[in-house]
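The sequence and structure come first.

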Amino acid sequence: MRKLRTLNAVCETGTVLIVRLPTAEASYEVACEAIAGGIRTVEVTLTTPGALDVIRRLSSEYPEADIGAGSVLDAASAYASIQAGARFLVSPQVDPGMLETAGRYQAVSICGAATPTEIVQAATAGADLVKLFPSSVLNRDYARAVLEPLGHIPLVPAGGVSPDNVAEWFDAGVAAVGVGSFISKAAQRESTERHPVRAAARTFLEAVADARA
């Protein structure tokens with residue numbers, strides 16, 4: 001049931017927040033603000049210092065949210081992430097060990113792929129969702145072309161997604177999107193908002209809802 005809840009959270013909101021920041025405390029604070037803004041799925045990348053501690057802390061303090069781990073390259077990282085409380089695992093590639101571990105402990109698996117062959121291989125290997133990566137290079141037209149023959153595979157682009165272009169991604173047929181800097185670095189931009197990350201999360205979610213209406 002936990003796995004189904006996580007998949008539902010991704011599908012219902014159409015959004016996975018990717019947090020990749022220089023420090024554990026910055027990652028934690030951004031995640032807290034984003035959750036307050038309505039984000040339900042937060043990916044903390046393992047390239048973040050102290051990432052497992054951040055995952056453990058967020059999972060304990062925000063049981064209503066689904067916290068996951070990103071940049072999970074192998075089975076050892078997958079197991080450590082799940083032990084820390086990660087409910088979904090994201091990798092930039094297809095790794096059999098990561099997929100096996102995710103399946104064994106019923107964590108949602110999101111594997112990265114770029115070409116049609118890699119996308120099919122990821123789905124065949126058992127990925128619950130396939131991350132189109134890097135989507136900042138593989139644009140919306142590419143996603144639309146790939147999904148014409150592969151529309152049965154739930155594709156999640158990650159990289160370069162913003163409220164300005166999110167409608168184009170959903171028009172192309174993707175299942176959800178991964179958003180990073182628009183939300184995670186909102187506090188670094190000039191803003192009149194008291195809680196810029198929280199406001200950015202709301203803005204993004206509203207854009208997704210409008211795009212899917």
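## Overall fold

The protein has 10 helices and 8 strands, where helices (H or I, at least four residues) and strands (E, at least two) are DSSP runs numbered from the N terminus. Its radius of gyration is 16 Å, close to the 17 Å given by the globule rule for 213 residues, so the protein is as compact as a globular protein of that length. That radius is taken over C-alpha atoms, and the globule rule is 2.2 Å times the number of residues to the power 0.38. The C-alpha trace spans about 45 × 35 × 30 Å along its principal axes.

This is a predicted model, in which local features need pLDDT of at least 70 and side-chain atom pairs count only at pLDDT 80 or more, while totals for chains, interfaces and linings use all residues. Residues are numbered from 1 along each chain as its sequence is written, and side-chain values use heavy atoms, with hydrogens and water left out.

Of the 213 residues, 51% are buried (under 20% relative accessible area, with a 1.4 Å probe and protein chains only). Among contacts (heavy atoms within 4.5 Å) with a separation of 6 or more, 58% join residues 24 or more positions apart.

## Pocket and cavity

Rolling a probe the size of a water molecule over the atoms shows where empty space is left. On a 1 Å grid over the protein atoms alone, a cavity is a set of points where a 1.4 Å probe fits but cannot get out; a pocket is an open set with protein on both sides within 12 Å along at least five of seven lines; lining residues have an atom within 4 Å of a point.

The largest pocket holds about 340 Å³ of space. It is lined by 19 residues, and Ile18, Arg20, Gly159, Gly180 and Ser181 are the closest to its centre. Helix H9 gives the most to this lining, with 3 residues.

There is 1 cavity of 30 Å³ or more, and the largest cavity has a volume of about 50 Å³. Its lining consists of Val16, Ile18, Glu43, Val90, Ile110, Lys131, Val156, Ala158 and Gly178.

## Helix H10

Helix H10 covers residues 196-212, and its 17 residues reach 24 Å from first C-alpha to last, close to the expected 24 Å (1.5 Å times one less than the number of residues). Its buried residues include Pro196, Val197, Phe204, Leu205 and Val208. The buried residues of H10 pack against helices H1 (2-13), H2 (24-36), H8 (166-172) and H9 (181-184), and against strands S1 (15-19) and S8 (177-179).

Methods
Buried means under 20% relative accessible area, exposed over 50%, partly exposed in between (1.4 Å probe, protein chains only). Grid points are joined across faces, edges and corners, and a volume is the space filled by probe spheres set on the points.
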